[in-house]
Amino acid sequence: PEISEKRNISQDTIVNHIEKIIKEFPKIDIDFLKPKPKIFNKILKTVQEIKEKNNPDDFLESGDIRLKSIFESLDKKVSYDDIKKALFFIQE
């Protein structure tokens, strides 16, 4: 939050930039971005459940899981930013 406030940009913008950096530099150490274990494990479990159900409405054309599907499966109690950050660590 501090960086987004100082730079007057949204946290979502920062997360999107980090995602681009990770794609360009896949060996970069981003462990500090990983959500707390309790949150991460909830997201991981939800991703696995969505994959098992294989409901086409939960997936984008690219095959990626819709963030909204994860968010709603977690009863809207986990932020989109935490979901995006967790997905950096979950192998597709």
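**View 1. Lys34 puts its charged end over the ring of Phe40.** The distance to the ring centre is 4.3 Å. A charge sits over a ring if NZ of Lys or CZ of Arg is within 6 Å of the ring centre and within 35 degrees of the ring normal. A word on the numbers: this is a predicted model, where local features need pLDDT of at least 70, side-chain atom pairs count only at pLDDT 80 or more, and totals for chains, interfaces and linings use all residues. Residues are numbered from 1 along each chain as its sequence is written, and side-chain values use heavy atoms, leaving out hydrogens and water.

**View 2. Phe71 and Tyr80 make a stacked aromatic pair.** Their centres are 4.4 Å apart, with 25° between the planes. Rings of Phe, Tyr and Trp (its six-membered ring) pair if their centres lie within 6.5 Å; planes under 30 degrees apart are stacked, over 60 edge-to-face, and the rest tilted. The count by this rule is 1 aromatic pair. Phe71 is buried at 16% relative accessibility, while Tyr80 is partly exposed at 32% (buried is under 20% relative accessible area, exposed over 50%, partly exposed in between; 1.4 Å probe, protein chains only).

**View 3. Here's Ile21, partly exposed at 40% relative accessibility.** Look for Ile21 in helix α2, residues 11-24 (helices are DSSP runs of H or I, at least four residues, numbered from the N terminus).

**View 4. Phe32 is out in the loop between α2 and α3 (37-53).** Phe32 is exposed, with a relative accessible area of 68%. From its C-alpha to that of Asn54, 22 residues away along the chain, the separation is 31 Å.

Definitions and conventions
Helices (H or I, at least four residues) and strands (E, at least two) are DSSP runs, numbered from the N terminus.
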